[in-house]
Amino acid sequence: RGAESSAYELTGVVCRNGPLSSREELLFLPAMTREIFDAIRDDISLDGDDHVHVGSASREVLAALPGMTPDVVDSILKLRAAGDLTEESLEAALPLFAREAKDRMRIRSSSILRLRVLVQRGPNDPGFTYEGLAVAGERGIRALGLKPL
């Protein structure tokens with residue numbers, strides 16, 4: 001039930017009915033504003049396994065999971081800050097009403113990394129910032145591409 005092709009064509013956008021190729025494509029949605037996008041930009045991932053990595057997810061992302069309360073999120077963040085976040089400690093931190101959230105979480109890190117690179121020519125140069133992805137594997141880290149911000 002997204003916008004129809006004709007609505008997109010009015011803005012000069014061709015609707016391809018496929019997965020997003022960049023987070024910025026969300027800006028083409030009729031209800032998306034720059035303010036909303038900027039607020040959620042760092043919590044959006046186009047890659048992954050549909051599970052939230054509890055070792056790096058923001059408070060807001062954890063709170064959006066089913067059954068999560070501010071107290072449960074605080075417990076998880078405390079475990080993470082202390083370096084005590086494990087499958088067992090996560091299981092113990094989740095009350096019965098938040099068990100559905102467990103099916104949407106993962107402890108293991110992804111091999112896909114998001115990079116943000118600042119290139120400066122000297123100490124007074126404001127430089128250029130690039131963002132991209134890399135994959136960490138048995139052969140080391142392989143860049144998938146950088147784009148200017």
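Select Glu25 first: beyond neighbours within four places in sequence, glutamate 25 is in contact with Arg16 and Leu20 (contact means heavy atoms within 4.5 Å). Glutamate 25 sits in the loop between helix H1 (5–9) and helix H2 (34–40); helices (H or I, at least four residues) and strands (E, at least two) are DSSP runs, numbered from the N terminus. With 16% relative accessibility, glutamate 25 counts as buried, where buried means under 20% relative accessible area, exposed over 50%, and partly exposed in between (1.4 Å probe, protein chains only).

A word on the model: it is predicted, so local features need pLDDT of at least 70 and side-chain atom pairs 80 or more, while totals for chains, interfaces and linings use all residues. Residues are numbered from 1 along each chain as its sequence is written, and side-chain values use heavy atoms, leaving out hydrogens and water.

Next, pick Arg41, in the loop between H2 and strand E1 (52–53). Arginine 41 is buried too, at 13% relative accessible area. Its side chain makes a polar contact with the side chain of glutamate 24 at 2.7 Å. Not counting residues up to four places away in sequence, arginine 41 also touches others, including Arg114, Arg116, Glu131 and Leu149.

Now for the surface: select Leu113, Leu115, Val117, Val119, Phe128, Ile141 and Leu146, a nonpolar patch with about 580 Å² of accessible area together. Strand E3 (112–119) gives the largest share, four residues. Zoom in on Phe128 in strand E4 (128–137): at 48% relative accessibility, phenylalanine 128 counts as partly exposed.

How values were computed: Patch = residues over 30% accessible without salt bridge, like charges linked within 9 Å, V, L, I, M, F, W, Y side chains within 5 Å. Areas by Shrake-Rupley, 256 points an atom, 1.4 Å probe, with all protein chains shown as cover. Salt bridge = Lys/Arg side-chain N within 4 Å of Asp/Glu carboxyl O. Polar contact = N/O pair within 3.5 Å; in protein donor to acceptor, adjacent residues only side chain to side chain.
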